[in-house]
Amino acid sequence: MPLYKLEDFDPSYRDTFGGDDIKGLPLYTQSGNKIGTVTDALVDPDGRFRYLVIETESDFHSKRILLPIGLSRIDYSQQRVYVDGLSKQQVETLPAYKDDMTVDYDYEEQVRRNYRPEQNLTYDRDSYNYQNDASLYNLNEQNHQTFKLYEERLIANKNRIKTGEVTVGKHIETETATVSVPIEKERVVIERVPATAEGVAVSPDDTQFQAGEVARIELYEETPEIQKEAFVREEVRVKKVVDRDVVEAQETVRREELDIQTEGNLPLDETNRQQRDIL
């Protein structure tokens, strides 16, 4: 099972702990002796703390080691971490930890062998579970008990759904249009008027009697010629615009509050500091 540095697993872990930061807290024994400083923490893929990375003091030859979380007690009110039983011999025999190393099963086994009450225990690497060493990884002692108070919060998300569609097309309408075209039409006008020399005898030689066609006049008229041509009447532009609005939703949320009952005259200290369960 891979392990992750605290900030690699949760870059905003300080906000998760309500502003508390485990890094930099000094490590003390139960008797009050400072033996090192917490430089980091290692968590599993589920976010459960498994080890504290400890920079030991010079009396312990100043090296970095891993401390199983179950052997520690974090007190944010005093800004300290306490350890249950960590000897100089254990520090000397523990494998050194380096920031760029990969913590695998073999390395963890070297660490666990130094902390196990029974040194000769062995487990199958394929079936190993941290509960096999519950005393190293669980905070189940009376002074380690931590209760989680839960509350519900409204999480707002948005879903994009189709509410309709608009189809833009064209159809053809017909109408009868009228246009006026001036035209010209020729016609023949025949006028018969009295002769100017009426009653005057004409010489036989000047007489020109003839039958048949004596004149031809061609008549023309204009006829309208109508053609149709297409012109752009208007342009239609189709686009989408986004209207923004704020929608408020209401829902009932629940929150757990702590009920404390005591019997007898017992001293009880209660602070408003929110302690985070590091498991």
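**The nonpolar core**

Mentor: Happy to. In this predicted model, the largest nonpolar core has 39 residues, and Ile22, Phe49, Leu52, Leu66 and Tyr115 touch the most other members.

Trainee: Which elements give two or more residues to this core?

Mentor: Those are the strands β3 (34-43), β4 (49-56), β5 (64-68) and β7, along with the helices α4 (105-115) and α5 (134-137).

Trainee: And what does Tyr115 touch, not counting residues up to four places away in sequence?

Mentor: Tyr115 touches Ile65, Leu66, Leu67, Pro68, Leu71, Leu86, Gln90, Leu94 and Leu136.

Trainee: OK, zooming out. How many helices and strands does the protein have?

Mentor: There are 5 helices and 7 strands. Starting at the N terminus, the order is β-α-α-β-β-β-β-β-β-α-α-α.

Trainee: What share of the residues is buried?

Mentor: Buried residues account for 24% of the 279 in the protein. The protein exposes about 23800 Å², with carbon and sulfur atoms supplying 46% of that area.

Trainee: What about contacts between residues at least 6 apart in sequence: what percentage joins residues at least 24 apart?

Mentor: That comes to 58% of them.

Trainee: Switching topic: where is Gln79 found?

Mentor: Gln79 lies in the loop between β6 (72-75) and β7 (80-83). Its phi is positive, about 55°, although Gln79 is not a glycine. Most residues other than glycine have a negative phi.

Definitions and conventions
Residues are numbered from 1 along each chain as its sequence is written. This is a predicted model: local features need pLDDT of at least 70, side-chain atom pairs count only at pLDDT 80 or more; totals for chains, interfaces and linings use all residues. Side-chain values use heavy atoms; hydrogens and water are left out. Helices (H or I, at least four residues) and strands (E, at least two) are DSSP runs, numbered from the N terminus. Buried means under 20% relative accessible area, exposed over 50%, partly exposed in between (1.4 Å probe, protein chains only). Contact means heavy atoms within 4.5 Å. Accessible areas come from the Shrake-Rupley method with a 1.4 Å probe; for residues, only the protein chains shown count as cover. A nonpolar core is a set of buried Ala, Val, Leu, Ile, Met, Phe, Trp, Tyr and Cys residues joined through side-chain atoms within 4.5 Å.
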